[in-house]
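Subject: Handover of a structural model

Dear colleague,

Please find below the structure I am passing on to you. My notes on what was found in it follow directly after.

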Protein chains: 2
Amino acid sequence: MPVRDRLTERQNQVFEFIRSHARDAGRPPTIVEIGRHLGLRSSNGVHKLLVALEGKGYIERVRHEARGITVLDDDAPMFAFDDGPPSVFMPRAVTSAVAKRPLARGRQPVLVEPRVMPRGVALDDCLAVVVGDDGMNGDGIRKNDLVVVEEADWSDVPNGTAVVVLFDDRVVVRRFEAANGRLHFRASDKTYRAESFDPKDEACYVVGPVRALMRRL
Amino acid sequence: MPVRDRLTERQNQVFEFIRSHARDAGRPPTIVEIGRHLGLRSSNGVHKLLVALEGKGYIERVRHEARGITVLDDDAPMFAFDDGPPSVFMPRAVTSAVAKRPLARGRQPVLVEPRVMPRGVALDDCLAVVVGDDGMNGDGIRKNDLVVVEEADWSDVPNGTAVVVLFDDRVVVRRFEAANGRLHFRASDKTYRAESFDPKDEACYVVGPVRALMRRL
DNA sequence: CGGCCTGGTAAAAATGTTTTCACCCTTGAA
DNA sequence: TTCAAGGGTGAAAACATTTTTACCAGGCCG
């Protein structure tokens, strides 16, 4: 569906090199390694090519991170199901920027057993994230749980619902409440303090209500 | 051939984290990332663990290179489902009779996201059941959760493991302990009393350790 | 022509990452 | 008791990697 723009010859060389290096070496190449492969003397040449590749949706990058390139491979139907197995997408890195366009890029499928989804919730509206702290232990939700969250604007979320919320790019689950023109978030654990934000505050982003949960034991 | 030395608990934690990070993120973790995951404050702590892992042949490292860790792994097809989506079976009615031959009849498939299964557990050895009470709330396992259990004889289950057990055809999860020739089952919730059985007692049947969990919210 | 895109060189700045050095603590075997 | 191995803290040094800034050149298009 993301009809990715065509690549120039040079961009394609870079993309293919990244792919093969990641597969062979077990990790993506550095910018300098790419440059060496292309015979470039300046890392900035590569940098610009990468910016182009990212803009066209072929790769994703994590800023400032060594080898922070992820190949977005859109192929691989994986197996035959009516139209693919029931799955949601999980962004590789969850930042507020990613969360605001979560289906745009950087995703890998997570299988979801339909039985554990509430009726009436479309998988297309959902994405998967990993819970970042133990604030909701009392509600049976723990750090490192994989939760399925339905993307929704906070104004559509009923008070008292468990939501996924990003506090400065930290992914956590909290009980949500809108009151007095502010958003309130309560953990179930008393040792976590409740937080309260202005709806416009960039430090806080409500992804939506938690719909399902998976855990490895 | 590589009769690799056994790992200490800590070393194993590091190894497993590297493996899962490499698979999920598409690149190995940095030393600092490993340290953060283990709760260490000094990168040198991790460094020493890595030296040990390399010495025992579990990983390989490239000096001075960022994320220069290679997992020496014999298995790991990484992701390719050639024969159908990953799934386990759920018996329609769980009685001790069914549990003893769970694949015999009345089963329907339950999709399992491979990421939430511990490494080394075969889906073929597993089945899915619905938890029947709230005795393990303190461990984050609740009534009506769908759990994946690996079928195993109680004698193969280490003490302290969370297991699915049938008490007179009631399906519950308990922490398991074998001692003094008897089987002991503790709930995490203090209001549930611990139970203790003779291994031959028909009123109690240990299905096996809990491996994964799914919940509708 | 002039503007814009793509792709480059060069060099420095800003970060990230790995190594090393100097100590400390606990545990279990000699 | 002493010693070695496994694990840790902290901080600094040594590298590796990514970003930024400045400047240049060719192709293409209106």
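At roughly what angle do the axes of H2(A) and H3(A) cross? The answer is roughly 100 degrees, and the two axes come within 9 Å. Please bear in mind throughout that this is a predicted model.

Helix packing

Since angles of 65 to 115 degrees count as roughly perpendicular, H2(A) and H3(A) are therefore described as roughly perpendicular to each other. From H2(A), the residues that make this contact are A:Ile31, A:Val32, A:Ile34 and A:Gly35, while H3(A) supplies A:Ser43, A:Gly45, A:Val46 and A:His47. By class, 4 of these residues are nonpolar and 4 are polar, with no charged residues.

The axes of H1(B) and H3(B) come within 10 Å and cross at roughly 90 degrees, which makes H1(B) roughly perpendicular to H3(B). Here H1(B) contributes B:Arg10, B:Gln11, B:Val14 and B:Phe15, and H3(B) contributes B:Leu49, B:Ala52 and B:Leu53. The class composition of this contact is 5 nonpolar, 1 polar and 1 charged residues.

H3(A) provides the largest share, with 6 residues. The surface near DNA strand C is made up of 7 nonpolar, 13 polar and 7 charged residues.

By class, the surface near DNA strand D has 7 nonpolar, 13 polar and 7 charged residues.

The contact between the chains

In the contact between the two protein chains, 33 residues come from chain B and 34 residues from chain A. On the side of chain B that touches chain A, the elements that give two or more residues are helix H1 (9–25), strand E4 (107–111) and strand E11 (204–216). Among the contributors to that side, E11(B) gives the most, with 7 residues. The residues on that side of chain B comprise 20 nonpolar, 5 polar and 8 charged.

Strand pairing also links the chains: strand E11 (residues 204–216) of chain A is joined to E11(B) by 5 bridges, and the two strands run antiparallel. Within this pairing, A:Arg216 has B:Ala212 as its bridge partner in E11(B).

Strand E6 of chain B

E11(B) is also joined to E6(B), by 4 bridges, and these strands run antiparallel. In that pairing, B:Leu146 stands opposite B:Met214 of E11(B). E6(B) has a further partner in strand E5 (residues 126–130) of chain B, to which 5 bridges join it in an antiparallel arrangement. There, the bridge partner of B:Ala128 in E6(B) is B:Val148.

Strand E6 (residues 146–150) of chain B is mostly covered, with 5 of its 5 residues buried. In a regular strand, side chains alternate between the two faces of the sheet. Both faces of E6(B) are covered: B:Leu146, B:Val148 and B:Glu150 are buried on one side, and B:Val147 and B:Val149 are buried on the other.

A loop residue in chain A

A:Asn144 lies in the loop between strand E5 (126–130) and strand E6 (146–150) of chain A. Is A:Asn144 buried or exposed? A residue counts as exposed if 12 or fewer other C-beta atoms lie within 10 Å of its own; A:Asn144 has 12 and is therefore exposed. Leaving aside residues up to four places away in sequence, A:Asn144 touches A:Val130 and A:Val131. The C-alpha atoms of A:Asn144 and A:Asp133 are separated by 7.5 Å, with the two residues 11 apart along the chain.

With kind regards

Definitions and conventions. Residues numbered from 1 in each chain as written. Chains lettered and ligands numbered in written order. Predicted model: local features only at pLDDT ≥ 70, side-chain atom pairs only at ≥ 80, totals over all residues. Contact = placed C-beta atoms within 7 Å. Nonpolar A, V, L, I, M, F, W, Y, C, P; charged D, E, K, R; others polar. Pairing = 2+ DSSP bridges. Buried ≥ 20, exposed ≤ 12 C-beta atoms within 10 Å, placed from the backbone. Axes fitted to C-alpha atoms, helices over the stretch in contact; angles between N-to-C directions. Parallel < 35°, antiparallel > 145°, perpendicular 65-115°, else oblique.
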